[in-house]
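Subject: Structure handover

Hello,

Here is the structure I promised to pass on. Please open it first, then read my notes below.

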Amino acid sequence: MSLKIIPFQPEHTSHFKDLNLAWLEKYFYVEPKDALLLGDCENAIIGIGGYIFMGEYENTPVGCFSLIPYKENHYELGKMAVDSNYQGLKIGQQLLAFAIDFAKKNNWDALTLYSSTKLPTALHIYRKFGFKDVALEKDLPYARSDVKMELILG
């Protein structure tokens, strides 16, 4: 499978939103922070110094993720999604490897992510790529999050 990972362009807005809504609505529900990030991703993510990447297969967007400033030189990996028609093809792993490589090339200290025990396949992949479980803070950004992980890069 030849996946092309490219920086977000305005024409990707609906694909980014739809890819994320699909998994959110399947496993959880759309929370206020989701609505903010997906409703205006250019301002809510890119506009604050973040990044969005799209994974394309045969010119069709099949996956995505974002990197959102978390702390100085430390980003949150989020809004990672793969079209259900393309799951099982290691697209998520390719996106994750790209995100880690991008973070290393930018000399970031760490990546953090929030997830859920309802997504065991995702958790397995994150751990496979070196993410470690860390303590959850009191005021979580998402009600669905019962797992917080971090990858130290530096």
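A charge counts as sitting over a ring if NZ of Lys or CZ of Arg is within 6 Å of the ring centre and within 35 degrees of the ring normal. Arg144 does this with Tyr142, at 4.3 Å from the ring centre. Arg144 also lies over the face of Phe28, at 5.8 Å from the ring centre.

Two notes on the basis. This is a predicted model, so local features need pLDDT of at least 70 and side-chain atom pairs count only at pLDDT 80 or more, while totals for chains, interfaces and linings use all residues. Residues are numbered from 1 along each chain as its sequence is written, and side-chain values use heavy atoms, with hydrogens and water left out.

Arg144 sits in the loop between strand 6 (132–134) and strand 7 (147–152). Helices (H or I, at least four residues) and strands (E, at least two) are DSSP runs, numbered from the N terminus. Is Arg144 buried or exposed? Arg144 counts as buried because its relative accessibility is 13%. The cut-offs: buried is under 20% relative accessible area, exposed is over 50%, and partly exposed is in between (1.4 Å probe, protein chains only).

Contact means heavy atoms within 4.5 Å. Leaving aside neighbours within four places in sequence, Arg144 is in contact with residues including Trp23, Phe28, Glu31, Asp34 and Lys79.

Asp34 belongs to helix 2 (residues 32–39). Asp34 is buried, with a relative accessible area of 0%. Not counting residues up to four places away in sequence, Asp34 touches Leu24, Tyr29, Gly39, Lys79, Tyr142 and Arg144. Asp34 and Leu24 are ten residues apart along the chain, and their C-alpha atoms are separated by 8.9 Å.

**Aromatic pairs**

Rings of Phe, Tyr and Trp (its six-membered ring) pair if their centres lie within 6.5 Å; planes under 30 degrees apart count as stacked, over 60 as edge-to-face and the rest as tilted. The structure holds 15 such pairs. One of them joins Trp23 and Phe28 edge-to-face, at 6.1 Å centre to centre with 90° between the planes. Both Trp23 and Phe28 are buried.

Phe53 and Phe98 also pair edge-to-face, at 5.0 Å centre to centre with 65° between the planes. This pair links distant parts of the chain: Phe53 is in strand 2 (residues 51–57), Phe98 is in helix 4 (residues 91–105), and they are 45 residues apart. Phe53 is buried, with a relative accessible area of 5%. Phe98 is partly exposed, at 27%. Ring pairs link Tyr51, Phe53, Phe65, Tyr75, Phe98, Phe102 and Trp108 into a cluster.

**Helix 5**

In helix 5 (residues 120–128), Leu123, Ile125 and Tyr126 are buried. Seen down the axis of helix 5, the buried residues fall within an arc of 160°, so they line one face. The arc is that of the directions from the helix axis to the C-beta atoms. Pro120, Thr121, His124 and Lys128 are exposed on the other side of helix 5. What do the buried residues of helix 5 pack against? They pack against strand 4 (74–82), helix 4, strand 5 (110–115) and strand 7. Gly130 follows helix 5, and its phi is positive, near 100°.

**Nonpolar cores**

A nonpolar core is a set of buried Ala, Val, Leu, Ile, Met, Phe, Trp, Tyr and Cys residues joined through side-chain atoms within 4.5 Å. The largest has 28 residues, and Leu67, Leu77, Leu111 and Phe131 have the most contacts inside it. Helix 4 gives the most to this core, with seven residues. A second, separate core of 20 residues includes Leu24, Leu38, Cys41 and Ile45.

**Cysteines**

A disulfide is a pair of cysteine sulfur atoms within 2.5 Å. The structure holds zero disulfides. Cys41 is buried, with a relative accessible area of 2%. Cys64 is buried too, at 0%.

Best wishes
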